[in-house]
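Biologist: I would like to learn how to read a structure like this one. Please show it to me, and we can go through the features one at a time.

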Amino acid sequence: MTGQAYCVHCGHPASGDHTSCRTPRTTLEPPRFCAQCARRMVVQVTPTGWSARCSRHGEYTSEGTS
């Protein structure tokens with residue numbers, strides 16, 4: 001494991017420029033990429049929140065990690 005963090009909105013390394021990822025609109029959106037491995041996650045949005053599942057690192061929810 002490299003220990004590198006990734007942007008949950010674009011999947012690129014977190015150390016880069018993410019100005020377009022940090023807008024008022026994206027703060028309301030669920031993560032699309034895993035912050036640990038940058039894999040695309042399966043995301044489900046419901047009226048009460050969201051859940052995002054990485055095949056390697058498990059599930060994240062709008063209420064915290066499950």
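Modeller: Start with C7, which is buried because its relative accessible area is 10%. Buried means under 20% relative accessible area, exposed over 50%, and partly exposed in between, with a 1.4 Å probe and protein chains only. This is a predicted model, where local features need pLDDT of at least 70, side-chain atom pairs count only at pLDDT 80 or more, and totals for chains, interfaces and linings use all residues. Residues are numbered from 1 along each chain as its sequence is written, and side-chain values use heavy atoms, with hydrogens and water left out.

Biologist: What does pLDDT say about the chain?

Modeller: pLDDT is the predictor's confidence in each residue, from 0 to 100. The chain has a mean of 89, and 94% of its residues reach 70 or more. Confidence is highest in β1, at 96, and lowest in strand β4 (residues 64-65), at a mean of 64.

Biologist: How many disulfides are there?

Modeller: A disulfide is a pair of cysteine sulfur atoms within 2.5 Å. By this rule there are 0 disulfides. For C7, the closest cysteine sulfur is in C21, and at 3.7 Å it is too far for a bond. The sulfur of C34 has its closest cysteine sulfur in C37, also 3.7 Å away and too far for a bond. C34 counts as buried because its relative accessibility is 0%.

Biologist: Where does T26 lie, and which residues does T26 touch?

Modeller: T26 lies in the segment before β1 (42-46). Contact means heavy atoms within 4.5 Å. Not counting residues up to four places away in sequence, T26 touches H9, S20 and C21. The side chain of T26 reaches the backbone oxygen of C21 at 2.6 Å. T26 is buried, at 8% relative accessibility.

Biologist: How do I read strands that pair?

Modeller: Strands are DSSP runs of E, at least two residues long, numbered from the N terminus. Two strands pair if DSSP finds at least two bridges between them. Here β2 (residues 49-54) and β3 (residues 58-61) pair in the antiparallel sense over 4 bridges. A hairpin of 3 residues joins β2 to β3, and T61 in β3 is the bridge partner of S51.

Biologist: Is Y60 buried or exposed?

Modeller: Y60, in strand β3, counts as buried because its relative accessibility is 18%. Y60 and Q36 are 24 residues apart in sequence and 12 Å apart in space, C-alpha to C-alpha.

How values were computed:
Polar contact = N/O pair within 3.5 Å; in protein donor to acceptor, adjacent residues only side chain to side chain.
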